[in-house]
Amino acid sequence: MGNEQNSRRSFFKKAAAAVGVIAAAAGTKNLISASSASAAGVREKYEADVASQERAVKGNQLVLMTDDEKKQRLDDLLNFHYQELA
Amino acid sequence: MSEGKTEGLKEANDALQGRREFLKNVCVSSAAALVAAPASTGAAAETANPDADVTVSEFFQGHFLLMSDEEKKQAIARLEKRYSAQYRKKTTVSNVEAPDGVLFGYALDISKCIGCRRCVHACVKENNQSRHDPEVQWIQVMKMPKGNIAFTAENLDKGYPEKSEFGDYGVQVGGNAYKTAGLSTEDAQNYYNDELVPDRDFFYMPVQCQQCEKPPCVKACPVRATFRDHAGVVLIDYNWCIGCRMCQLACPYHARRFNWGEPKLPAEEMNPKTHYFGNRPRMRGVMEKCTFCVQRTREGRNPACMEVCPVGARKFGNLLDPESDVRRVLATKRVFRFKEEFGTYPKFFYYIG
């Protein structure tokens, strides 16, 4: 009787310990894989990226190329390309 | 005396029994955890990702360009299997190489663009970009006051370098020197929300990856995940990207987008015809950008943004072919270049027809 009780108790103890270990493992996994930032934090980061692009793009100036410049540009592009291929 | 000894032995035996029991319990529960943990994580992965071991293989795969043909085939098969299950539709991941004898270039007519943003949305749709929270867009359309554009074309060739004691290498004088001879992006609006476009007091300028011939992003990438293919298009191996964002910092046009979160791409909106270096679904923590629709252009088609443009403001073609649209634009139209060009040699040209 005593032994029986003992083995049942031991079984429950083992089961509880196993559940505890699995829960701890799952918790650790979640901790590692879950995003550290919240959804709002992620949105903020996206917005910061876009804002930096806006700043960069808004400071730009485009100038017209003369015919010589256009020819020079094309020659350069083709030369670089053929050099790359070689 | 002997009774006391027996008592002592019994106590010692009990203690040993208790320790043994404890160690046994620890061992059993550890073994149970070892067996159960992979099963439980496997089950969890089953719901999120139907082929968990594919992800592991993907994680350990090398740079696509350095793979053998067999490895490439396996990598493509893994991705097709995973995407097909994830998006519940037959998905193909192409590996078509860039055609030989081609150098892709793009030209955009600022005077024609009406700012309808059809190109932006066609790009999002074609390239499987994140649809919400936020919608990731590779093209940004700027709306600028007409006063920002000023040039006197007839004076363009009249400037000359000032004479100096070192020769004729001084600053430019004459012609358009000391005048604005081009286009300024000051006071541009990126988030205009007009009911009707175009607004007659404004003009529009879409900005996207300039596909530089000397791309600083490629030089900055510490793992060579981003590279220039032999048709001149700058691409990214998403599986090799480590998400360090060095390329984003290096790009003077800020044309790169980083996936801070897991991209949100609904299955019903996913474009199943993908390319390994192009529009296949990306993951969190990797960079992405315009690829001139590599999945289309490598098969002889035009980029989605060009196809959808209702006013024909966009031209795409082979810079090596003198008869191509882009070469004709360069030969006959008034073409702009960025004032501060950083020596990157963009292959994306803005022009006025």
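**Exercise 1. Work out how many helices and strands chain A has, and in which order they come.**

*Step 1.* Count the elements: chain A has three helices and one strand. Here helices (H or I, at least four residues) and strands (E, at least two) are DSSP runs, numbered from the N terminus.

*Step 2.* Now read along the sequence, and you get the pattern α-α-β-α.

*Step 3.* Check the burial too: 10% of the 86 residues of chain A count as buried. A residue is buried if 20 or more other C-beta atoms lie within 10 Å of its own, exposed if 12 or fewer, and partly exposed in between, with C-beta atoms placed from the backbone.

A quick word on what you're looking at. This is a predicted model, where local features need pLDDT of at least 70 and side-chain atom pairs count only at pLDDT 80 or more, while totals for chains, interfaces and linings use all residues. Residues are numbered from 1 along each chain as its sequence is written, and chains are lettered from A and ligands numbered from 1 in the order in which they are written.

**Exercise 2. Describe the side of chain B that touches chain A.**

*Step 1.* Start with the numbers: 37 residues of chain A are in contact with 51 residues of chain B. Two residues are in contact if their C-beta atoms, placed from the backbone, lie within 7 Å.

*Step 2.* Next, find the elements on chain B's side. Those giving two or more residues include α1 (2-48), β3 (140-145) and β7 (182-184) of chain B. The top contributor is α1(B), with ten residues.

*Step 3.* Sort this side by class: 27 residues are nonpolar, 14 polar and ten charged. Ala, Val, Leu, Ile, Met, Phe, Trp, Tyr, Cys and Pro count as nonpolar, Asp, Glu, Lys and Arg as charged, and the others, Gly among them, as polar.

**Exercise 3. Locate the largest nonpolar core.**

*Step 1.* Get its size: this core has 70 residues. A nonpolar core is a set of buried Ala, Val, Leu, Ile, Met, Phe, Trp, Tyr and Cys residues joined through C-beta atoms within 7 Å.

*Step 2.* Domain 1 (2-93) and domain 2 (104-139 + 208-352) of chain B both give residues to the core, so it lies between them. These domain bounds come from an automatic or database domain assignment.

*Step 3.* Leaving out residues up to four places away in sequence, F349(B) touches A107(B), V329(B), L330(B) and V335(B).

**Exercise 4. Decide whether W240(B) is buried, exposed or partly exposed.**

*Step 1.* Find W240(B) in the loop between β10 (234-236) and α6 (246-250) of chain B.

*Step 2.* Count its C-beta neighbours inside 10 Å: there are 19, so W240(B) counts as partly exposed.
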